[in-house]
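Q: Please walk me through the model below, in plain words. I will ask as I go.

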Amino acid sequence: MSVNRKEVMVGDRKKNMIFSLAVSAIVMLALPWFAVTFVKSDAGMAACLLLFFVVNPLYSVSIGIFAGKDVRHLWSFPVVSTALFLVGAWIFFDIEEMAFLLYATVYLALGVVAMLISMFVRKKVE
């Protein structure tokens, strides 16, 4: 009994999607929770700045690059990642703070631009 190549690709895609969603949940939900819960005072502010200005933008770009491999099926990854950031920021920091919408917009833009660039580079190489 042989396994169809398409079935293997679909299985790999599902594994990649589950892994990516788990990593997105860790980066966008668990890390802010750790920063709020375990890091106190000025170090907490430094950890939040590191998250907002280094970790989250880099993750948004990397998830965009990953989504650029197969835009037809993975286009939602930058959107889901941004939505998870927004949910986590509003839960762990302040739900009335609208500045997080600006951060989310920037993260979404970074992810989508990285996805499009990755898609065009991949098509150019092929």
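**Contacts, core and surface**

Q: Which residues is methionine 28 in contact with, leaving aside its neighbours within four places in sequence?
A: Once those neighbours are set aside, methionine 28 is in contact (heavy atoms within 4.5 Å) with Asn56, Tyr59, Ser60, Ser81, Leu84, Phe85 and Gly88.

Q: And what am I looking at, how were the values made?
A: This is a predicted model, in which local features need pLDDT of at least 70 and side-chain atom pairs count only at pLDDT 80 or more, while totals for chains, interfaces and linings use all residues. Residues are numbered from 1 along each chain as its sequence is written, and side-chain values use heavy atoms, with hydrogens and water left out.

Q: OK, which members of the largest nonpolar core touch the most other members?
A: They are Met28, Phe52, Phe77, Phe85 and Phe100, in a core of 20 residues. A nonpolar core here is a set of buried Ala, Val, Leu, Ile, Met, Phe, Trp, Tyr and Cys residues joined through side-chain atoms within 4.5 Å. Buried means under 20% relative accessible area, exposed means over 50%, and partly exposed lies in between, with a 1.4 Å probe and protein chains only.

Q: How many helices and strands does the protein chain have?
A: The protein chain has 5 helices and 0 strands, and from the N terminus on its elements run α-α-α-α-α. Along its principal axes the C-alpha trace spans about 60 × 35 × 25 Å. Of the contacts with a separation of 6 or more, 71% are between residues 24 or more positions apart.

Q: What share of the residues is buried?
A: Buried residues make up 30% of the 126 in the protein chain.

Q: Switching to serine 20: buried or exposed?
A: Serine 20, which sits in helix 1, counts as buried because its relative accessibility is 6%. Apart from residues within four places in sequence, serine 20 is in contact with Tyr59, Ile63, Phe66 and Phe77.

Q: How far apart are the C-alpha atoms of alanine 67 and serine 20?
A: They are separated by 9.8 Å, although the two residues are 47 residues apart along the chain. Alanine 67 belongs to helix 2 and counts as buried because its relative accessibility is 0%. Not counting residues up to four places away in sequence, alanine 67 touches Leu74, Phe77, Pro78 and Met115.

Q: What does asparagine 56 touch, not counting residues up to four places away in sequence?
A: Asparagine 56, another residue placed in helix 2, touches Val27, Met28, Leu51, Phe85 and Tyr107. Because its relative accessibility is 2%, asparagine 56 counts as buried.

Q: And at serine 41, what is phi like?
A: Phi of serine 41 is near 60 degrees, a positive value in a residue other than glycine. In general, most residues other than glycine have a negative phi. Serine 41 is located in helix 2 and, at 63% relative accessibility, counts as exposed.

Q: Which residues form the nonpolar patch on the surface?
A: Met45, Leu49, Leu50, Phe53, Val54 and Leu58 form it, with about 600 Å² of accessible area together. Accessible areas come from the Shrake-Rupley method with a 1.4 Å probe, and for residues only the protein chains shown count as cover. Valine 54 lies in helix 2 and, at 36% relative accessibility, counts as partly exposed.

Q: Last one, what span should helix 5 have?
A: At 1.5 Å a residue, the 27 residues of helix 5 should span 39 Å, and its end C-alpha atoms are 39 Å apart, which agrees; the expected span is 1.5 Å times one less than the number of residues. The buried residues in helix 5 are Phe100, Ala104, Tyr107, Gly111, Ala114, Met115, Ser118 and Met119, and what covers the buried residues of helix 5 includes helix 2, helix 3 (71-74) and helix 4.

Methods: Patch = residues over 30% accessible without salt bridge, like charges linked within 9 Å, V, L, I, M, F, W, Y side chains within 5 Å. Salt bridge = Lys/Arg side-chain N within 4 Å of Asp/Glu carboxyl O. Helix = DSSP H or I, 4+ residues; strand = E, 2+ residues; numbered from the N terminus.
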